[in-house]
Amino acid sequence: AMSYLSYEQVLRSNTGRCLTDKPQEMNDKRERLSNSTRRMADKLEGVGIQAFDAGQVMTEIGDVSGDVSHVMGRYRNLMLLPEVAKRARSETIKQLSYFIENHRKGKYFRYMVVTSGDRVPLSDDGALRERRKKLTRNFSRWVYDAKKYFGIRVVCRSDEYTFNDEGAHYHTNVIYYPSQVLSSEDWQEFLDFTRRRLGNVWVHDAGILNDLREAVKYICKLSGDGEPDRDGCDSWGADELSAVDLSNLHKETYKQKHFQPVGEFSDWLRENADKKVVNYYGDDGSCSLRLMQKPKPKSKPKKQIGVRSLVENVIVHRTLPQPSRDGILEPKTLVLGYTTTPSTGVGRDGLKLIQSNQRQARAWVDEKKHGPFIVHNSTPTVQADRVDNLGNPLGFRRERREAIRRNKQRRHQARQTVSKPAIRTKKPQRIRFIPDGWEWDGRKLVTDFPGWWSADDPRWIPSMA
């Protein structure tokens with residue numbers, strides 16, 4: 001069976017790695033994203049749309065740095081909010097990168113941009129939702145026809161919106177690959193067929209897929225991107241929309257599937273639903289994508305009816321290593337009712353467990369003899385081959401190589417146990433003797449004498465039948 005990383009292995013190996021040598025730049029990006037999310041959430045709350053989760057306030061504790069920060073209100077799972085969409089997009093990019101790296105035709109993956117048409121005014125009349133519904137319906141039929149008539153295998157699609165004074169511009173990015181060689185005429189015929197089948201839309205083939213972040217984006221651009229739209233018009237970010245326009249956009253896109261895996265990728269996600277794709281940092285500082293077995297969730301305790309006790313140091317979750325403000329990867333512990341002076345038994349036990357997590361994480365850092373490695377976290381690519389210090393490729397799935405090796409070994413052992421067939425020797429030709437005046441008709445001697453004559457009889461002349 002194929003081996004997968006465990007949760008503990010990832011914790012131990014990744015803790016203490018230095019993700020970047022420019023932590024201030026990373027913190028500035030994180031701060032801008034947090035401010036944009038906060039502004040958009042406040043606008044939605046101002047028009048009566050709940051954007052914050054009404055849960056309890058939690059505390060986040062760094063197991064290596066010891067930094068304590070309060071999570072002052074989590075956001076609801078609205079893909080319109082940048083911080084929520086970033087978490088979902090990061091997981092999607094890892095899964096898609098791992099799938100492409102280990103696909104037999106990974107170097108042939110391409111992507112195209114499909115634009116639905118003219119801009120749609122932002123209103124609550126359902127025009128934008130209807131435009132998107134029409135394109136997604138045609139997309140599902142086009143996926144089947146493209147595979148049937150042209151051998152094109154579609155992997156996924158990702159939606160994106162841009163805005164200006166005329167309204168919203170909806171387009172989608174499609175990742176696909178050809179399963180067979182197409183001539184120039186066949187390729188042009190495929191693009192023309194795609195335009196017609198998707199409803200006379202504008203289609204642009206962007207070529208070989210080199211950067212997944214270009215194809216899988218946040219559904220709305222933010223201010224500061226500075227990119228012109230596909231139709232050449234300047235656009236602004238979703239965080240600059242008015243409260244009314246943002247509310248209409250939320251109503252038009254609420255509960256819509258902005259990223260849709262199809263075909264092989266959808267089947268792969270279903271088969272690996274109990275696994276998680278993670279960045280795994282080796283002892284030499286190299287980073288590779290690996291599959292980790294998700295830990296089984298603990299059973300929830302039964303609810304007790306009675307007086308509610310004081311909540312102190314209740315550990316909710318321990319995250320995988322993530323970058324701190326110094327750029328060091330460290331696990332973080334999420335705690336309810338954190339206090340350093342607990343007054344209850346549960347609080348004291350929780351504080352001991354928090355301190356134990358910190359000692360464990362710092363010991364993992366000390367195990368790395370040369371200190372934390374600097375790992376440059378660049379945009380994932382699917383074309384460039386990565387090698388370690390020994391020249392061994394890192395872009396191939398190690399588990400797959402092990403499975404191939406084991407299968408070869410089993411087949412070799414099976415061949416050794418099967419007995420070899422006996423060697424067949426050529427049957428010698430029989431010598432017949434033809435008497436004077438008699439004939440050989442090709443099948444038998446024309447004679448009335450019963451049986452075969454002896455070779456020692458001088459009356460017969462030897463001949464090869």
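This note goes through a few local features of the predicted model, element by element.

1. The sheet. Five strands make up an open sheet, in which the order runs β6-β3-β5-β4-β7 and the pairing is antiparallel. The edges are held by β6, spanning 202-208, and by β7, spanning 259-261, each of which pairs on one side only. When direction is ignored, neighbouring strands of this sheet are turned against each other by 15° on average.

2. The β3 and β5 pair. Within that order, β3 (residues 110-115) runs antiparallel to β5 (residues 167-178), and 6 bridges link the two strands.

3. Helix α2. This helix comprises 24 residues, 23-46, and its span from the first C-alpha to the last is 34 Å, close to the 34 Å expected at 1.5 Å a residue. Its buried residues are M26, N27, L33, S36, T37, M40, A41 and L44, and they pack against α3 (82-101), α7 (243-253) and β11 (322-323). As background to reading such a list, an α-helix has 3.6 residues a turn, so residues three or four places apart point the same way. Just after α2 comes G48, whose phi is positive at about 90°.

4. The β8 and β9 hairpin. Strands β8 (residues 275-281) and β9 (residues 287-293) are joined in the antiparallel sense by 7 bridges, with Y281 standing opposite C287 of β9. The two strands form a hairpin that leaves 5 residues between them, and in the turn G285 adopts a positive phi of about 90°.

5. Once neighbours within four places in sequence are set aside, the contacts of L334 are M58, T59, E60, V314, I315, V316 and H317. For H317, the separation from L334 is 17 residues in sequence, while the distance in space is 5.3 Å from C-alpha to C-alpha.

Technical notes: Residues are numbered from 1 along each chain as its sequence is written. This is a predicted model: local features need pLDDT of at least 70, side-chain atom pairs count only at pLDDT 80 or more; totals for chains, interfaces and linings use all residues. Side-chain values use heavy atoms; hydrogens and water are left out. Two strands pair if DSSP finds at least two bridges between them. Helices (H or I, at least four residues) and strands (E, at least two) are DSSP runs, numbered from the N terminus. Axes are lines fitted to C-alpha atoms, for helices over the stretch in contact, and angles run from 0 to 180 degrees between N-to-C directions. Contact means heavy atoms within 4.5 Å. The expected span of a helix is 1.5 Å times one less than its number of residues. Buried means under 20% relative accessible area, exposed over 50%, partly exposed in between (1.4 Å probe, protein chains only).
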